[in-house]
Amino acid sequence: MALPAIDSPIWQNPVRAFAWGMWSVTSTILTTVLFATYLGIGALAHDTHLSLGWALASTVFVWAGPAQIILISTLGSGATVVQAAIAVTLSAIRLFPMVVSVLPVVRSPGTKRRQLILVTHFIAVTLWVECVRLLPHVPRGRRIAFTQGLGFGLLSVCLVATALGYGLAANLLELFGAAILLLTPLAFLLSTARNCRQLADVLALALGLALFPLVSLLHTGVDILISAVSAGSIAYAVQRWRPRNE
């Protein structure tokens, strides 16, 4: 999708800039990935006996797939609200560098802090990627409205997917419900594989997939963490060692 020229009079209207941001969600495959992911989150919420209202509220207020999975799974396992809040907060720290990198691109000299609150809330992996791709084609004075529209568009897609996944899990056979839940890890896996650019990326992903079945035999309770840290460390070491030996 081609945005209007940066000097187009269309950008003079903030409402139209917001509308262009919303429409931009149709131009990226990541919208489909988000839709599939939130189908799984809706199904997971149903499976853990969370109400649809709480599932939709988590999408609005948490607005991060992995953090929502942590929230739903920890509450479903009997953890306290405080424990779930700490786990979600630790997960959200990974988004801080993205916020720091996007806000200077969005704001202008006259921007007030309150204008950045909604933008900051919307910044997650998908919006960060799309801001890097699209914001250079948007006049600086309209980037806040555009980013708000982009975030609102992505959030709307995820709310629909959450409700749909919740409803499908309630009305389909258990096998189909399990298949919907499988969409979440598959979506993350495919999006990660799609973004692999360097040898370290490919090696970390391949080693993680290979090590997890072996580590799971140890029944440690943190099998994913062990396999992920091991695979990432090996990939990083190979990436550091390789240039010195070429």
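This is a predicted model: local features need pLDDT of at least 70, side-chain atom pairs count only at pLDDT 80 or more; totals for chains, interfaces and linings use all residues.
The axes of α4 and helix α5 (residues 81-92) cross at roughly 160 degrees and come within 9 Å. Angles over 145 degrees count as roughly antiparallel, so that is how α4 and α5 run relative to each other. On the α4 side, the contact is made by Pro 66, Ala 67, Ile 70, Leu 71, Thr 74 and Leu 75. From α5 come Val 81, Ala 84, Ala 87, Val 88 and Ser 91. Sort the residues of this contact by class and you get 9 nonpolar, 2 polar and no charged.

Now for another helix pair. Helix α6 (residues 96-106) packs against helix α8 (residues 125-134) at an angle of about 30 degrees, and their axes are 10 Å apart. With that angle, α6 is roughly parallel to α8, because anything under 35 degrees counts as such. The crossing of α6 and α8 is left-handed. Met 98, Ser 101 and Val 102 of α6 meet Val 125, Trp 128 and Cys 131 of α8. By class, this contact has 5 nonpolar residues, 1 polar and no charged ones.

Here are the two pairs side by side:

| Helix pair | Crossing angle | Axis distance |
|---|---|---|
| α4 and α5 | roughly 160 degrees | within 9 Å |
| α6 and α8 | about 30 degrees | 10 Å |

Stepping back to the whole chain, there are 12 helices and 0 strands. The chain has 246 residues, and 36% of them count as buried. It exposes about 14100 Å², with carbon and sulfur atoms supplying 70% of that area. How much of the contact count comes from residues 24 or more positions apart? Among contacts in the chain with a separation of 6 or more, such pairs account for 71%.

Most residues other than glycine have a negative phi. His 49, which is not a glycine, has a positive phi, near 65 degrees. His 49 sits in the loop between α2 (30-47) and α3 (52-61). Trp 63 is not a glycine either, and its phi is positive too, at about 50 degrees. The loop that holds Trp 63 lies between α3 and α4 (65-76).

Is each of these two residues buried or exposed? His 49 has a relative accessibility of 75%, so it counts as exposed. Trp 63 has a relative accessibility of 5%, so it counts as buried. In short, His 49 is an exposed residue with positive phi, whereas Trp 63 is a buried one with positive phi.

Last stop: Gln 148, which has its place in helix α9 (residues 143-171). At 19% relative accessibility, Gln 148 counts as buried because the cut-off is under 20%. What does Gln 148 touch, leaving aside its neighbours within four places in sequence? Its contacts are Phe 18, Gln 115, Leu 118, Val 119 and Phe 122.

Methods
Residues are numbered from 1 along each chain as its sequence is written. Side-chain values use heavy atoms; hydrogens and water are left out. Axes are lines fitted to C-alpha atoms, for helices over the stretch in contact, and angles run from 0 to 180 degrees between N-to-C directions. Helices (H or I, at least four residues) and strands (E, at least two) are DSSP runs, numbered from the N terminus. Angles under 35 degrees count as roughly parallel, over 145 as roughly antiparallel, 65 to 115 as roughly perpendicular and the rest as oblique. A crossing is left-handed if the near helix is turned anticlockwise from the far one by less than a right angle, and right-handed if clockwise. Contact means heavy atoms within 4.5 Å. Ala, Val, Leu, Ile, Met, Phe, Trp, Tyr, Cys and Pro count as nonpolar, Asp, Glu, Lys and Arg as charged, and the others, Gly among them, as polar. Buried means under 20% relative accessible area, exposed over 50%, partly exposed in between (1.4 Å probe, protein chains only). Accessible areas come from the Shrake-Rupley method with a 1.4 Å probe; for residues, only the protein chains shown count as cover.
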